[in-house]
Amino acid sequence: MMDEVYQQPEGVGGAKGDYRETGRQRGFADPAPRTASPHIATLGVSLFLLGVGFGPMLFTPISEVYGRKIGVIVPFFISGLFAIGVATANNLRTVLIIRFFQGLFGGAPVYNSGGVLADIWRPEAQGVAL
């Protein structure tokens with residue numbers, strides 16, 4: 001990386017003059033080497049969306065039988081726990097597995113929100129609520 005020369009204006013921070021500053025001194029780390037192909041890099045989002053697709057098939061019937069609160073709050077809380085798991089993952093394999101389960105539990109509250117709104121508002125006002 002080339003050193004850049006900056007001209008310090010007069011009266012700012014002491015004496016006038018130029019100084020050299022490298023990328024490391026500015027706080028920029030050297031870029032990490034790529035360890036995954038672009039296909040593997042997009043696999044995290046793909047597995048998340050796959051989980052979002054399958055999650056409502058499991059949790060929507062639960063919300064119809066046991067109530068909306070169980071079918072929305074419990075999967076939402078579990079999805080939050082999986083988000084913490086992704087943040088603390090040590091390798092790519094762990095991230096990919098946890099992203100699938102995060103989508104599995106995170107998709108249910110999104111799809112059940114229409115049922116929640118239908119339970120709260122009367123049919124004439126549901127269009128405005130949505």
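Trainee: At 55% relative accessibility, does R122 count as buried or exposed?

Mentor: Exposed: R122 has a relative accessibility of 55%. The cut-offs are under 20% relative accessible area for buried, over 50% for exposed and partly exposed in between, with a 1.4 Å probe and protein chains only. This is a predicted model: local features need pLDDT of at least 70, side-chain atom pairs count only at pLDDT 80 or more, and totals for chains, interfaces and linings use all residues. Residues are numbered from 1 along each chain as its sequence is written, and side-chain values use heavy atoms, with hydrogens and water left out.

R122 has a charged partner. Its side chain meets that of E124 in a salt bridge, 3.2 Å from N to O. The term requires a side-chain nitrogen of Lys or Arg within 4 Å of a carboxyl oxygen of Asp or Glu. E124 is exposed too, at 61% relative accessible area.

Now widen the search. The whole structure holds three salt bridges. One of them joins E64 to R68, with N and O 3.0 Å apart. R68 also bridges to D119, where the closest N and O atoms are 2.7 Å apart. That pair spans distant parts of the chain: R68 sits in helix α3, D119 in helix α4, 51 residues apart. R68 counts as buried at 19% relative accessibility, while E64 is exposed at 54%.

Helices (DSSP runs of H or I, at least four residues) and strands (runs of E, at least two) are numbered from the N terminus. The chain has five helices and two strands, in the order β-β-α-α-α-α-α. Helix α3 covers residues 68-87, and its 20 residues should span 28 Å. The expected span is 1.5 Å times one less than the number of residues. The end C-alpha atoms are 29 Å apart, which agrees.

The buried residues of α3 are R68, G71, V72, P75, S79 and G85. Seen down the axis, they fall within an arc of 145°, so they line one face of the helix. The arc is that of the directions from the helix axis to the C-beta atoms. The face turned away carries the exposed residues K69, F77, I84 and A87.

What covers the buried residues of α3? The cover includes α2 (43-66) and α4 (92-120). Take α2 to begin with. It packs on α3 at an angle of about 140°, with the axes 6 Å apart. That makes α2 oblique to α3. Axes are lines fitted to C-alpha atoms, for helices over the stretch in contact, and angles run from 0 to 180 degrees between N-to-C directions. Under 35 degrees is roughly parallel, over 145 roughly antiparallel, 65 to 115 roughly perpendicular and the rest oblique. F59, I62, S63, E64 and Y66 of α2 meet R68, I70, G71 and P75 of α3; contact means heavy atoms within 4.5 Å.

Further along α3 sits S79. S79 is buried, at 11% relative accessibility. Beyond its neighbours within four places in sequence, S79 contacts Q102, F105 and G106. The C-alpha atoms of S79 and G107 are separated by 8.8 Å, though the two are 28 residues apart along the chain.

One last view, of the whole chain. Among contacts between residues at least 6 apart in sequence, 51% join residues at least 24 apart. Buried residues make up 22% of the 130 residues.
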